[in-house]
There are 2 protein chains.
Amino acid sequence: MNSPEKLRRMAHAIRFLAADAVEAAQSGHPGLPMGMADVATVLFSRYLTFDPKTPGWPDRDRFVLSAGHGSMLLYSLLYLTGYEDIGIDDIKAFRQLGSRTPGHPEYGDAAGIETTTGPLGQGLGNAVGMAIAERILNARFGNDIVDHFTYVIAGDGDLMEGISQEAITLAGHLQLNRLVVLWDHNGISIDGKLELSDSTDQLERFAASGWNTSSCDGQDAEDIARAIDAARESDRPTLIACRTTIGFGAPTKAGTSKAHGSPLGAEEIAGAREALGWEAGPFEVPSDVLDAWRLAGLRSATKRKEWEKRLAALDPETRGDFERRSRRDLPSGLSRAIESLKAQIIEKKPEVATRKASEMALEVINDILPETVGGSADLTPSNNTLTKTLHEIAPGRYDGRYIHYGIREHGMAAAMNGLALHGGLIPYGGTFLTFSDYARGAIRLSALMGVRVVYVLTHDSIGLGEDGPTHQPVEHLAALRAIPKLRVFRPADAVETAECWQIALENKEGPSVLALSRQNLATVRTEPVDGNLCARGAYELMAASDEAVASIFATGSEIGIAVEARRQLESEGVPTRVVSVPSFELFELQSPEYRRSILGEGTVKVAVEAGIKQGWERFIGCEGAFVGMTGFGASGKIEDLYRHFGITAESVVSAVRQMVNTND
Amino acid sequence: MNSPEKLRRMAHAIRFLAADAVEAAQSGHPGLPMGMADVATVLFSRYLTFDPKTPGWPDRDRFVLSAGHGSMLLYSLLYLTGYEDIGIDDIKAFRQLGSRTPGHPEYGDAAGIETTTGPLGQGLGNAVGMAIAERILNARFGNDIVDHFTYVIAGDGDLMEGISQEAITLAGHLQLNRLVVLWDHNGISIDGKLELSDSTDQLERFAASGWNTSSCDGQDAEDIARAIDAARESDRPTLIACRTTIGFGAPTKAGTSKAHGSPLGAEEIAGAREALGWEAGPFEVPSDVLDAWRLAGLRSATKRKEWEKRLAALDPETRGDFERRSRRDLPSGLSRAIESLKAQIIEKKPEVATRKASEMALEVINDILPETVGGSADLTPSNNTLTKTLHEIAPGRYDGRYIHYGIREHGMAAAMNGLALHGGLIPYGGTFLTFSDYARGAIRLSALMGVRVVYVLTHDSIGLGEDGPTHQPVEHLAALRAIPKLRVFRPADAVETAECWQIALENKEGPSVLALSRQNLATVRTEPVDGNLCARGAYELMAASDEAVASIFATGSEIGIAVEARRQLESEGVPTRVVSVPSFELFELQSPEYRRSILGEGTVKVAVEAGIKQGWERFIGCEGAFVGMTGFGASGKIEDLYRHFGITAESVVSAVRQMVNTND
């Protein structure tokens, strides 16, 4: 074991890599890495199970730097412990364009970065999801295969964000005892001392939600180790308040907000070198210290090899299941099962809400995919997310596949990111579409990281009726479509809903939103076709009876209006086609020829969607008409609302007539 | 004082109005009104200071039904206590289109509704703002004029939402002892028993943030009164856990999630009538009970009259200030001061970030408007929100005008809504534009309610540089412009920033976002002009040297790129105009003639903004070119990023050239 003096020097290596990298970039946050260097050194050299040579080892401990602005702490650790992705040149390139060491840790930029952090509180929320994933997979595959900890370093800011409360209360409720949060309790925020804005007793707060809590001197290796030892034995998740000095070692700035988020300056860094007795130059690590770190990085190699033997010794079916899930591949039966479901729907033509259609799809999916983990933010009977064969995860009982997330939309989304990041599971979770606003911070990170999370967002328009404008999404489809790399689906009937579910599950590289109706909708896809039409993003649902004069574009519940408008127009002798647009994003991926064929050049164009127009120019151009919302909704019966806001077949017909007459 | 038996019958009146209204609408939430009827009866008949005949009385106690789904509780109280806006016919029209009694309480639909609630946790956040407002105004105007309580009814859902933690910790920190939260502790959520998803000891949790806490039997008037009496004497904000039975009185559904959000059914309601001995028919209130309620509504009339006398007795200046603020009028000097600031800027032509320009404007504004209350979510030195003459509000010291909101964006936004709703104050608060995602739930409500809140959102693009994609807004301008009734401003220099501030303050009827740069920008408005050009939404910043061939539209930091592109194009013989677009929303309010003149028919069009294209078709049509972002940002130096993403004068010039050549 490393001597206290060696541990101190190992920590100093982090401190000066961080201070010097921030100084070189003239940008960044030296305060946290310098303050938490001792805690991180103890964790990474004595406790954390990981293998830099096999960073994707599924049974590694997870480490989340929730306080992502302290990214140099993580980059230093990855470099020092021997991850190949981060060499000293990467450290020198900190915060430069194209480097593997951006301002905040970005998932995918380098092995060892378990999640993207920076927006505060998110990492803590991810870690709760990771810790849930560990328990679920442990229940499925046993201690031999899945048995690890999730460690988090969180700052004061993480704990002030509301999302932290959602994460903490969920973790406490579920008794996730393999979750350990190391709180950088330095008492400093950007505005100054934390006491300017907060007086919370965090230990008491965490205890109120069933956490084990303790404190340590975050600058004393033995005290840190004592606290981690105890945490690992607890039957509850643990918060360790690590009392630290922000910017530890900086002679005049340590312990002040000046050390938080700006370069310390050459003089201050020189002073720190003197104060801490660190003689190595910038980006130099004395060989004894680097050796000690590299040895720390080798600590778990044997453990990893033993684990691989245990995996190899599993029965082929279990091993195959584990390996398939780890590769994020789907089992072979999904596409056949969805085809069969679609055939049944086409035969029976049910009039059901798409939220109900989603449940029908999930009944099939959850039977075939053992890796799905469903849930809802306390709207299970409204989101239709719980299928017959799923049972619930409960405190101390993790062999279920359904999570009652509680009224915690943001925490749910962050936990789902963590479930997906952990690997082995595909999370989906429900709330109302309008409350995507509450979860938006985490939804954006699903997209930025490119993780497979499915958001089941029901009650997707004024069609929800009496709950009124607070509950009626109006701008939400546009606002979600605005997020890069997020796929937003709004299926029109049970067939499209099944297709959209299939696409969402088959996309390993990113999140999907399913926007689903509360109200019943007729089956409009009444004829069997080959393949998944929704995968084209938009497709001709109904052709015109003759050379098309008008094209009506619609999504979801407004397809019914489009179909009725077409009927009227055709009866008036206006050949009209209807294009269903389940996904803007997928349409953009199609060939130019296909897109042209769908856009219907030369026809007059109307789009109808019970939301705002923003973004629809892509389909109807600047001359087309839009039938939808221009402001907030209202409380009332669904039929009154559609009439009141003029979202009717008559409006569509009249818009077409007007344009046809103008063009004449 | 009413006898216990009379109080019970008064509560029953609420219960049956609620149950019958929900039944008639076949939609709504009977559970909370029936469970909390006793608590509400005690509060409204014994404690709450209010006058239904003068609902806008500034010194009334504020009552917030944070659990807005229980709206029939509030509507019943307003009807019973004699508010003229809510008659029995309004109760009968519950949840119907055009009624004053929508599904959730909507601010502005009827007097007595202090805020719009429904999205959980928001009302609690508003109440914290109201309680802060009360203390600030008390410090300014004294006990004789401002001295009241803020009472909240909150449900389990309110307390599970993360925003509640932000609200609670802020209130506890600031020792807002006139804030009393009555928690409907019924142990039931939509998914079933609360214990399915939560194990938090709420009393301990609130205590951890400095709250006074107590419990009472929520069905026992005397016990409720005892708890409220104690709360009113506390030197801290108080949480009272009111143990209640959801749907109290319903024979088979009480105490279960079945009573929460669906009509009880005729049989169940008949059973409740029998169980509670209530013989009056639907929508009937026995005259003795209605009399008792109406008397409760008259309780504070004398107090109100005495208050009016005290107000009249104030010195004219103080009274004038109070009355002006209550009318939400601005003092006369603002527009002159802004003109003078603009003149100074035009003279000196500083190269400053618009966040700095915002500070320059605020220095002027805060001196003239005593009603502004600034703040930041722990980014004061980055948002530039604290001006020289403001000092801070602190625990027990409320004579300041600056709030360190802490790292609580959502809580800040909700509190600002409460500050604005209270009256007498104009709140503004800062965070990074990207973290508007965290506050979006509350920003939407600012817009829906139409309250004057100013969001100071700095670091508004990839121009923030090294912090990288988590911190770089890309879709946020589009996503905020999507919210109905929200004005989004992106000023281009210090002159425009001053103008946008003026517009934001002069708009009594809604919120504004100021999107501000981190990086320095040249002054582009170098000539004095009459009036406020930004008030037109878009205007010609630079005319073409000859008949215009090209129009470049830009906002904020990209105006510099537009100006440089124009220079190059003009030098190539392409007469080019530059249009600055500080606000899409205001542009839409201009005359068709003005809009046509700005859009530059017949010219080729390019827009440049360091965000996504969505929405820009309004200016550039479907043929125009857009220079901006198509995906997430990256970490790097600002100049590298602009070059990397092709947001340059060269890109604009090349787009114009291409279109001009195509058109030839």
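Trainee: Before we start, what should I know about the model and the numbering?
Mentor: This is a predicted model, where local features need pLDDT of at least 70, side-chain atom pairs count only at pLDDT 80 or more, and totals for chains, interfaces and linings use all residues. Residues are numbered from 1 along each chain as its sequence is written, chains are lettered from A and ligands numbered from 1 in the order in which they are written, and side-chain values use heavy atoms, with hydrogens and water left out.

Trainee: Thanks! How many residues of chain A are in contact with chain B?
Mentor: 96 residues of chain A touch 96 residues of chain B, where contact means heavy atoms within 4.5 Å.

Trainee: And what area is buried between chain A and chain B?
Mentor: About 7700 Å², with carbon and sulfur atoms giving 56% of that. Buried area is the accessible area (1.4 Å probe) that two parts lose on being put together, summed over both.

Trainee: How many salt bridges are there between chain A and chain B?
Mentor: The count is 8; a salt bridge here is a side-chain nitrogen of Lys or Arg within 4 Å of a carboxyl oxygen of Asp or Glu. One of the salt bridges pairs B:R444 with A:E475, at 2.7 Å from N to O.

Trainee: Are those two buried or exposed?
Mentor: Both B:R444 and A:E475 are buried, that is, under 20% relative accessible area, while exposed is over 50% and partly exposed in between (1.4 Å probe, protein chains only).

Trainee: Switching topic, how many salt bridges are there over all chains?
Mentor: The count comes to 80. Within chain A, for instance, A:R135 and A:E134 meet at 2.7 Å, N to O, and both of these residues are buried.

Trainee: Why does the B:R444 and A:E475 pair join two chains?
Mentor: B:R444 sits in helix α18 (residues 436-449) of chain B and A:E475 in the loop between β12 (454-458) and α19 of chain A, so the pair links two chains. Helices (H or I, at least four residues) and strands (E, at least two) are DSSP runs, numbered from the N terminus.

Trainee: Which residue forms a salt bridge with B:D329?
Mentor: B:R327 does, with the closest N and O atoms 2.9 Å apart. B:D329 is partly exposed at 23% relative accessible area, and B:R327 is partly exposed too, at 47%.

Trainee: Which residues do shared partners join into one network?
Mentor: A:R140, A:D321, A:R324, A:R325 and A:E371 are joined that way by salt bridges.
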